[in-house]
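Hello,

I am passing a structure on to you, together with some short notes on its charged side chains. Please have a look at it first, then read on below.

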Amino acid sequence: QVQLMESGGGSVQSGGSLTLSCVYSFETRNRPTCMGWYRQAPGKAREGVAAIDNRGDRSIADSVRERFTISQDNSKNTLYLHMNKLMPEDTAMYYCAVHWGVAPYCLRRTTDARGWGQGTQVTVSS
């Protein structure tokens, strides 16, 4: 089974930066082809933020494309989300999850993602 644990969230003022981390573990026989970051704000549906597949291809949501980046360190079993120029609209619970598609589908098809950790809260004040 897949085990995920997010960390690194917090409260920050507009324009600030945060880096989120996701430590993961999964079976080699059922190795995911993609990992992604997703977020959910109160009253809104969960949405994809950024994804990276096993080829290293990345897919970033339009709303954060020029501000967020995603990276992965397999030696540490850790996925990262680097967030810059944060805005109040970025306030949400952030989750990491695994997927078995390529990056664009990993990003968009949130219902196909699996593993969801406990999430880490990001709050951006104006």
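Let me start with D53 and R55, which form a salt bridge, their closest N and O atoms being 3.5 Å apart. A salt bridge here means a side-chain nitrogen of Lys or Arg within 4 Å of a carboxyl oxygen of Asp or Glu. D53 is buried, at 4% relative accessible area, whereas R55 is exposed, at 56%. For these words the cut-offs are under 20% relative accessible area for buried, over 50% for exposed, and in between for partly exposed (1.4 Å probe, protein chains only).

A word on where this comes from: the model is predicted, so local features need pLDDT of at least 70 and side-chain atom pairs count only at pLDDT 80 or more, while totals for chains, interfaces and linings use all residues. Residues are numbered from 1 along each chain as its sequence is written, and side-chain values use heavy atoms, with hydrogens and water left out.

In total, you will find seven salt bridges in the structure. One of them joins D62 to R65, with an N to O distance of 2.6 Å. Here D62 is exposed, with a relative accessible area of 66%, and R65 is partly exposed, at 45%.

Another pairs E27 with R29, where the closest N and O atoms lie 3.7 Å apart. E27 is partly exposed, at 36% relative accessible area, while R29 is exposed, at 78%.

Finally, do look at R39, E47, R67 and D90: a network of salt bridges links these residues.

Best wishes
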